[in-house]
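Open the model in your viewer and keep the sequence panel beside it. The stops below say what to select next and what is there.

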Amino acid sequence: MSSGTNSLDADEAQQQQPPQPEPQPLQPLSLEDVVDDFSLLSHGVRFRAGREMRIYNQAHGQLILEERSAFDSDDEGGEEQAPQDKSGRAKEGKGAHRILVKTVNDNNKGVSFLRAAYSLMTVFVGGFLFILGAAIILFLFIDLGTKVGLGGEGREAQPVAFVAVLLSLPMFVYGLAFAMTLMGIFVVDTFYGHPFLRSFGMGAVMTDWLAFIMYLGIPILTVIITLLDKKDNWWEISLLTSFASILIFWCFFAACEFWFEIWACLELMEEYDGTSLIDEDPMGARVKFWLTKAANACRHSLEYRLSGKRVVFTRMNDTNGVTAASNTFIDCINNTSFSRWLANKGWNPFYVQKEAPERIASLNEVMGNTHYVTRFNWSLEKLFCAKGGLHSAIPITQGDSSITKAQINSNIVCNIVGNLIIVLILAGAIVWFELTSLSTAVGIVAFICFIHVSIAVYRMWILRNDIINDENTGTLYSFWGLYQQTTPKPRFGWAVLFAQLVFFYILPLIYLAAENMPHAILFALLGFFAFLRHHLNPRILLMEKKNYFQDTVNVKTREERKKWKKKSRMYHIVAVGGDTARHFWTWAFLLFTIFCFVVLIVAIGERSDDTYENNEPSVNSAMTLIEGYSYQPRPSLPYPTCQLKKGLDGDAIDLADFAFLSGLAYKSNVTLVQGALDLWFGEGVATNNVALVDEFRSSPGYGFDYGTAVSYKLITFSDNSGVLTIRGTQTTWDLIADAQLWLSAALFQGLRFLLPFSELFTPILHKMVWMVTRLESESITKVAYYQETQAFVKYLKDVKKFETVEVTGHSLGGGLAIITGAESGTSAVAISGPNAKLSRDSFDPPVTVDQLDTYTFNVIPARDPIPMIDDKAWLYQNINCTAAANNFVGCHAIARSICEIQYTCGSGNGPILCECVLDYNYTEPSPINEAATAETQVSFVQQCIDICEKQGGGNSKNCARWKEEYGQTAAK
């Protein structure tokens, strides 16, 4: 009964309702209805040219919106009413009111060529900044090593200085990442004709003239002047001028971006507080006003960064046409340890719990850049490569546009298979290169990938269930977001800020100013900009305001144009400093920092284990000499430098002699060294002069108050001549010394390889390396290995009156031999040594190309990566390498180089290395006296094993391996 009554009442109520008005036909759109979004760099320009038009400047031309008349008709009979659809809107077709959208490409080949040339030079400047940043971090760690006593004898640990240098690293990493982020934006802005500066800097006219002067005017003027002056190095001078002008232009761009970003933050804070200045306010009140805004903005930034957060999975459900959200709080996914264990705890006295968790809008959401994934725009590759995968956007899970079950299943499979492929590629590379020592690292990477895949699959499985059960769940779409659960108390936030300022900026700056002024200046600038940018961040304020860009502005008046430009500038300032690029560069510098830190820890461990100077030679540098056998020169044309005469004093010297002496530098046992010399040169011919080396290191005026960590030997001969042989890389500190001398040159070589028309930059690379190495502190320069070897050569010539001195070495020792020989005017023969042509200006004193071409010679085995570092001088010899293709370090072995030289050039009546046959698969040498060898009835292999066991020492590993591999063959 009641049900019927309710039905009747409803009918009566429906009858009593006033009649609904007939739907009015919708008015056709016009350009007056078009609103410019803030993502545009400039609002549209409206004018009439027969028809109403609006023009937008784009990267490759113009976007034109043209209004067509509602009664446009080509037929006779005049105008007619445009046909309408059910809604009253004009239909498409004859007589319909339309807005035509079209693009016009106004670029030409000349402009494209100029912008490509500008961008190429800008990328080179960006590469210089990256290399500069890597060098800064490296020099800091070398400085750290010297503060803990590494780098030579007599150095005392300085714990306070160690801590000060360590505290400077976070600010350097963050500041360098910020600089590289701006450089990336600058490259893009250059390629597209500086739309950023044109819109928000000095205007189109001033920007274009400044770009012309910096990119073209100054360099072309320099070319003209140097050509008229008949300068031989006109291209080098012109390139340096272009480099300097673009670097200055980037500094101006960075300053503009920084100023606009800080000012945008203060303006947002002004709107946030609802207060403003008036024209009558004095200067003191204005300063106080903006300082207050800066403090408030800093407080907001601290509250956001230090607040406790929780990850929330949100479903947007459609129930009977009503859209509602349902949240699921997840405590095990993507919660930081800080939030989980400290900030979100109720017992923490430094935090205040919110009454209800408050959602934190993402920056893309605030800027209106939310990307939805439907079945029509779904892409497997795009979603796999995107940061966050499928959840980098909002997937639609209900309706005709919903992604399908097959698509979400493909995402799950692709995530698993893709990460599995990455792990298998790493494992395959390690197996192929036989780097079994890195298997632990691959296991760690595999575990990280497993965790990453597990979280991603878990998220996508929830999404899959929503797609399959869409009729039951009614889920339109779902996404993962952050909710703020706690906020820090103001005093705690200010205490954290004060601690950051003191410990990560002021204290390191004081130390660097006392020790290394160039480093201190860079640290002060990078730290100042990075610190302000970190704490006066408009992105955080925008995420709090949320709807800042939702209020559109239809530009008609001057005030509206000013308001639109302000918001558009805010939009692009926020976009320029986005997190994606900054995170990339931060991780790049952070990973390099971690690598340097691990290497330093290993070097400290070697020092504490008392193995710093007593390491046994590696297997690749062990030499087991056997007499009675020889290699005859190859019947084909041998190496033309088998005997060295030109450029060396005295009679012709075998190339094998220098290779042997280079390998001898690795041996530390004095008795074994002298025995090897007697076996190679004959008894009493050559002497390992330990006493003279010790005498030099304690000599006033030539020696040092503390010695460097370089290891070398002086081999003297009876004719008052000597050969200084310098040991190559054997300790971890030696590896750091390699990086100190050649990392910048190697990185610039890599940059040159990546850039098109790379050889154009070669004339200025030595200047780039010089500029980077100017950041070395005095303490780092003192421990440079070549300083001591150069002084020792001078000591031998000036004090000991040696008639002939030559220098040789392998690997690092070869590079030091090249530097020492060029600086002291002494003949130097390097085996697999890094070169010095690009690094020549970074040494103290610098060396010239003529010195390198005259006094240095480098033996370069095929596929050896070390002598590929830096550019070669004129004199070098390529030799073959018999190592397998997957053994990329095998060609660097000094013993293999000696074998190749002896096998090709012939060994005469001198001894042979057993390693040639037993390790490197060369054929057995021929016996010199076949009859005597036959009487002994002992095979070549067995003789090698017996000699190896007698020598012991560094050959012990070889002996055991040879016994295991060749035991039965040797017995036969």
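Helices (H or I, at least four residues) and strands (E, at least two) are DSSP runs, numbered from the N terminus. This is a predicted model, in which local features need pLDDT of at least 70 and side-chain atom pairs count only at pLDDT 80 or more, while totals for chains, interfaces and linings use all residues. Residues are numbered from 1 along each chain as its sequence is written, and side-chain values use heavy atoms, with hydrogens and water left out.

**Whole chain**

Of its 972 residues, 47% are buried; buried means under 20% relative accessible area, exposed over 50%, and partly exposed in between (1.4 Å probe, protein chains only). Contact means heavy atoms within 4.5 Å. Among contacts between residues at least 6 apart in sequence, 71% join residues at least 24 apart.

**The cores and H2**

Select Phe124, Phe549, Phe748 and Phe792, the residues with the most contacts inside the largest nonpolar core, which has 148 residues. A nonpolar core is a set of buried Ala, Val, Leu, Ile, Met, Phe, Trp, Tyr and Cys residues joined through side-chain atoms within 4.5 Å. Which helix gives the most to this core? Helix H2 (residues 109–147) does, with 18 residues.

Stay on H2 and follow its length. Its 39 residues reach 57 Å from the first C-alpha to the last, close to the 57 Å expected at 1.5 Å a residue (the expected span is 1.5 Å times one less than the number of residues). Of the 39 residues of H2, 28 are buried, so the helix is largely enclosed by the rest of the structure. After H2 comes glycine 149, with a positive phi near 95°.

Now centre on phenylalanine 549. Not counting residues up to four places away in sequence, Phe549 touches Phe38, Val366, Met367, Leu542, Lys567, Met570 and Tyr571. A second, separate core has 53 residues, including Leu655, Leu677, Phe717 and Ala895.

Select helix H19 (residues 655–664), where 10 of 10 residues are buried. Among them are Leu655, Asp657, Phe658, Phe660 and Ser662.

Next, go to asparagine 688 in strand S15 (residues 686–688). At 10% relative accessibility, Asn688 counts as buried. Leaving aside neighbours within four places in sequence, Asn688 is in contact with Val670, Val673, Gln674, Leu677, Lys713, Leu714 and Ile715.

**H7 against H14**

Two packed helices are described by the angle between their axes and the distance between the axes. Show helix H7 (residues 283–306) with helix H14 (residues 490–515): they pack at about 95°, with axes 10 Å apart. H7 is therefore roughly perpendicular to H14. Angles under 35 degrees count as roughly parallel, over 145 as roughly antiparallel, 65 to 115 as roughly perpendicular and the rest as oblique. Axes are lines fitted to C-alpha atoms, for helices over the stretch in contact, and angles run from 0 to 180 degrees between N-to-C directions.

To see the contact, select Ala295, Cys298, Arg299, Leu302 and Leu306 in H7, which meet Phe492, Gly493, Trp494, Val496 and Leu497 in H14.

**Two buried helix residues**

Select cysteine 265 in helix H6 (residues 234–273). Its relative accessibility is 0%, so Cys265 counts as buried. Cys265 and alanine 297 are 32 residues apart in sequence and 7.2 Å apart in space, C-alpha to C-alpha. Beyond four places in sequence, Cys265 touches Ala297, Leu536, Asn537, Pro538 and Leu541.

Then select threonine 732 in helix H22 (residues 732–754). Thr732 is buried, with a relative accessible area of 12%. Not counting residues up to four places away in sequence, Thr732 touches Val599, Val602, Ala603 and Glu606.

**Backbone stops in loops**

Most residues other than glycine have a negative phi, and most peptide bonds are trans. Asparagine 720 has a positive phi near 60° and lies in the loop between strand S16 (712–717) and strand S17 (721–726). At 31% relative accessibility, Asn720 counts as partly exposed.

Arginine 863 also has a positive phi, of about 65°, in the loop between strand S20 (856–861) and strand S21 (876–879). Arg863 is partly exposed at 38% relative accessibility.

End at the peptide bond from aspartate 844 to proline 845. Is that bond cis or trans? The bond is cis, with omega near 0°, and Pro845 lies in the loop between strand S19 (828–831) and helix H27 (849–855).
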